[in-house]
Amino acid sequence: MRRLLLAAAMLALGAAPALADYYVYCANGRIEVDGRNPEQMRSARGSNLCQMGPRFGFRSDAMTFAQRNFGGEGRSCSCR
């Protein structure tokens with residue numbers, strides 16, 4: 001009975017929201033953390049863009065990666 005109530009409660013709550021993905025980019029010579037995927041970023045920013053790391057499930061993880069590896073958002077970078 002207890003399991004049935006737990007299952008019903010889980011169904012009533014619905015599915016958990018999906019995690020957003022975040023990426024670290026070099027865009028127009030500056031480090032940027034953004035939730036748009038590489039294809040969306042290229043469409044928005046053009047060809048002067050490169051991805052500087054893996055996909056992150058949390059913005060805070062992407063920000064930490066950018067800080068530790070490139071000095072943080074807004075720092076200069078180059079797509080070579």
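This section describes the sheet, the disulfides and the nonpolar cores of a predicted model. Residues are numbered from 1 along each chain as its sequence is written, and side-chain values use heavy atoms, with hydrogens and water left out. Local features need pLDDT of at least 70 and side-chain atom pairs count only at pLDDT 80 or more, whereas totals for chains, interfaces and linings use all residues.

Helices (H or I, at least four residues) and strands (E, at least two) were taken as DSSP runs, numbered from the N terminus. Three strands form an open sheet in the order E2-E1-E3, with antiparallel pairing; two strands are taken to pair if DSSP finds at least two bridges between them. The edges are held by E2 and strand E3 (49–51), each of which has a single partner strand, so one side of each is left without a neighbour in the sheet. From one strand to the next, the twist averages 30°, angles running from 0 to 180 degrees between the N-to-C directions of axes, which are lines fitted to C-alpha atoms, for helices over the stretch in contact.

E1 and E2 are joined by five bridges in the antiparallel sense. Within this pairing, tyrosine 25 stands opposite glutamate 32 in E2, and cysteine 26 stands opposite isoleucine 31 in E2. The two strands form a hairpin with two residues between them, and asparagine 28 in the turn has a positive phi of about 55°. Helix H3 lies across E1 and E2, running at about 165° to E2.

The largest nonpolar core has ten residues: Val24, Cys26, Ile31, Val33, Cys50, Met52, Phe56, Ala62, Ala66 and Cys77. Such a core is a set of buried Ala, Val, Leu, Ile, Met, Phe, Trp, Tyr and Cys residues joined through side-chain atoms within 4.5 Å. Strand E1 (23–27), strand E2 (30–34) and helix H3 (59–70) are the elements that give two or more residues to this core. Another core, of five residues, lies apart from it and includes Tyr23, Tyr25, Ala27 and Met41. Beyond its neighbours within four places in sequence, phenylalanine 56 is in contact (heavy atoms within 4.5 Å) with Ala20, Asp21, Tyr22, Val24, Asp61, Ala62 and Phe65.

Aspartate 34, in strand E2, counts as buried at 13% relative accessibility. With neighbours within four places in sequence left aside, aspartate 34 is in contact with Asp21, Tyr22, Tyr23, Tyr25, Met41 and Arg59. A polar atom of its side chain lies 2.7 Å from the backbone nitrogen of arginine 36.

Two disulfides (pairs of cysteine sulfur atoms within 2.5 Å) were found in a search of the whole structure. In the disulfide of cysteine 26 and cysteine 77, the sulfur atoms are 2.0 Å apart. The torsion about this S-S bond is about 95°, so the disulfide is right-handed. Cysteine 26 lies in strand E1 and cysteine 77 in the segment after H3, so the pair ties together parts that are 51 residues apart in sequence. Cysteine 26 is buried, with a relative accessible area of 1%, and cysteine 77 counts as buried at 17%.

Cysteine 50 and cysteine 79 form a disulfide with sulfur atoms 2.1 Å apart. This link is left-handed, with -90° about the S-S bond. It connects cysteine 50 in strand E3 to cysteine 79 in the segment after H3, 29 residues apart. Cysteine 50 is buried at 19%, whereas cysteine 79 is partly exposed at 34%. With the bonded cysteines numbered in sequence order, the pairing is 1-3, 2-4.

Technical notes
Buried means under 20% relative accessible area, exposed over 50%, partly exposed in between (1.4 Å probe, protein chains only). A polar contact is a pair of N or O atoms within 3.5 Å; within protein, one must be able to donate a hydrogen and the other to accept it, and residues adjacent in sequence count only if both atoms are side-chain atoms.
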